[in-house]
Amino acid sequence: MIQCIQCLDDIRHPMGQIIDDSGLCTGCLTHKEKDYIDWNEKWTQLEDKCQNIIKNSKAQYDCIVPLNADAEDYYIIENVLKLNLRPLLVYVNNYFGTDLSWRNLHNLETHFDLDLITFNPNISEYKEAVRTSLRKFNSIYWPYQAIKTAYPVRLALEIKIPLIIWGGLQATEQTGKFSHYDMVEMTGWSRIQHDLFCVDEKDFFGSGAQISDRNQYHYTYPLINQAKRVTGVYLSNYIRWDPWMQNQSTVKYGFKPENSIHTYDQYERAGSSVFYQIHDILRYKKYGYIKVRDHLSREIRHGRIIKSNAINLYNYYLNKDVDIESFFKWLGVTQSGYKLFCNTRLNFSMDKFNDDISLTKVEDEFSSSFFEKGVSSSKKFITYYKGI
Amino acid sequence: MSFRICATVLQDFNGRALQSYNFQTKRVLGCIKNVLFFLNAYKIDEIHLIVPLKGRGLDTSEILKELKDVPISTPLSIGGGINVESLTELIKDPYFERLIFNSPIFDDNQVIRNATLKMGRQAIVGYIPFILKKNTIKIYHSKINEFIQVSDKFWKNLNSMCNEIILLDADAEGSKKGFNFKALEFVNFPVDRVLISGGLTKLDINKAKEMKLAGVSLDNSTLHSEFSIKGLR
């Protein structure tokens, strides 16, 4: 496997990675651009762009901000307010949130005193979509990603909001798939390529999913000649993006970080019942690595950890126990079905992840860090929607 | 023929579309079929799909053949490593409108002659990446992976072999720093049969229209924003 000489990435990254003749991956190459960009000028460009987009709008809100219920949301809102925009927050419930996730979401809403729309997909059909996603594509996230990327655009069109503001563009931040100079915006193409791993709605629903036509609508992106009326911008094209540092800064707004045994990053997807559990195992199965590798590569690029320490930490996290059974319980799969999935689809024994590698202190592996006193989730898969 | 707005897509041997910057750095764009599908939806006039070999004598016929099932109506021109043998295979079931050549223009035009016999001269496109330094233009020769100086004979041959050329500003590729129009002073080829590519801005496209060029071929930027070409018409 060809690996980058600087970070931990190899060419099997799901976003698509190229290692050049010098041995550097595009992620590291693109990260270097950050040192040469005039970020003050970029911010001015963003201000001008936003004002230009909203100047003829008569909508009650200037922009939509889609949420994940993690620390990045807080950082986005902070910047949206600096831009003097009136945001409408939109949260698509993926039903994977823990009590901590809901607490952080509600704190965001009340702290900033902003309007929030929460969209709860029909849960029984949503579970059917998750089952289909798992069965056909070895992923649990297609249904959530499909709604999360389509619903805000549909809503924006419906109430005539011309702008959607997203946080980091993962394709650029993780694997340097685009140059920062490209100023990539939200597109229907990018949605299918990066969020839906090249499986469009037609492929997904044509593959045996029992989802009613009425509910399929929520998973479907508008026609592109309609979608073009909404501009989606990524803040990471205009702000020197440094997730660990900026996410720590959101603690001042009341965000609660989560202590995890699967990553040192207490902020990204804090309060998810699946992100570092079944979702990570499926990532490992398909691409041969777990999420913390992305975090570690990021910190190598930011100069906070050397590669040998990052490898140590990666091996430390790689061997941590994971809970995937609770996901199958939530999905309504029987014990025998769960075991069958582990044996046939995951094709490994869960014991593999039980060997503990000792490490004196995670913090000591970094030359600088952004740790905070975190908390733990106490309840997984909080089913919180209309009628409850 | 009216001014055309085309798009260039590169493809690697893993079936992935690539983006190219300064003719050096490559970045993955994604699944080729998805890319072609959206370029079609964005109403691009023509897609130029090229497998960059850069000196590697690899057989591209298999990956080019795989594209025939992509359901698009946009005219497709393909190129990269097409030789006499692979041409015979490809034109058995042609799903493309035109063929793009680079190396055969320099030293082995048998494949171009065969292609002309089968598809007509209007189907032959020359791919001409260039660098312009100190008033000297150098043209990229894919087989030897170098930019070389060319003689008048090169332009004469190019005129006789190719209906159109794609003139790519290699230094500006993938950027928005502007196409180097000075290059056209060194190109001995009718401008109404020249498509320019590399570093294109909206101003460049307007200038190309005014100069009555055949059109432009956008590089990576087409998929960077929704329906980006609409404002360029």
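1. Between chain A and chain B the count is 1 salt bridge, a term that here requires a side-chain nitrogen of Lys or Arg within 4 Å of a carboxyl oxygen of Asp or Glu. B:Arg27 forms a salt bridge with A:Glu33, and the closest N and O atoms are 3.4 Å apart.

2. The model is a predicted one, in which local features need pLDDT of at least 70 and side-chain atom pairs count only at pLDDT 80 or more, while totals for chains, interfaces and linings use all residues; side-chain values use heavy atoms, with hydrogens and water left out. Residues are numbered from 1 along each chain as its sequence is written, and chains are lettered from A in the order in which they are written.

3. As for the interface, chain A contributes 29 residues and chain B 24 residues to the contact, contact being heavy atoms within 4.5 Å. The two chains bury about 2,100 Å² between them, 60% of it on carbon and sulfur atoms, where buried area is the accessible area (1.4 Å probe) that two parts lose on being put together, summed over both. A:Ile18, A:Trp189 and A:Ile224 supply 32% of the area that chain A buries against chain B, more than any other three residues.

4. In chain A, 5 strands form an open sheet in the order β3-β2-β1-β4-β5, with parallel pairing; strands are DSSP runs of E of at least two residues, helices runs of H or I of at least four, numbered from the N terminus, and two strands pair if DSSP finds at least two bridges between them. The edge strands of chain A, each pairing on one side only, are β3 (116-119) and β5 (231-234). From one strand to the next the twist averages 25°, with angles running from 0 to 180 degrees between N-to-C directions and axes fitted to C-alpha atoms, for helices over the stretch in contact.

5. Helix α3 (residues 71-82) of chain A packs on this sheet, touching β1 (63-67), β2 (87-92) and β4 of chain A, and its direction makes about 165° with that of β1(A). Helix α6 (residues 142-158) of chain A lies across β1, β2, β3 and β4 of chain A and runs at about 150° to β2(A).

6. In chain B, helix α7 (residues 202-210) has B:Asp204, B:Ile205 and B:Ala208 buried, that is, under 20% relative accessible area, as against over 50% for exposed residues (1.4 Å probe, protein chains only). Seen down the axis of α7(B), the buried residues fall within an arc of 100°, so they line one face of the helix. These buried residues pack against β11 (194-197) and β12 (215-218) of chain B.

Definitions and conventions
Arc of directions from axis to C-beta.
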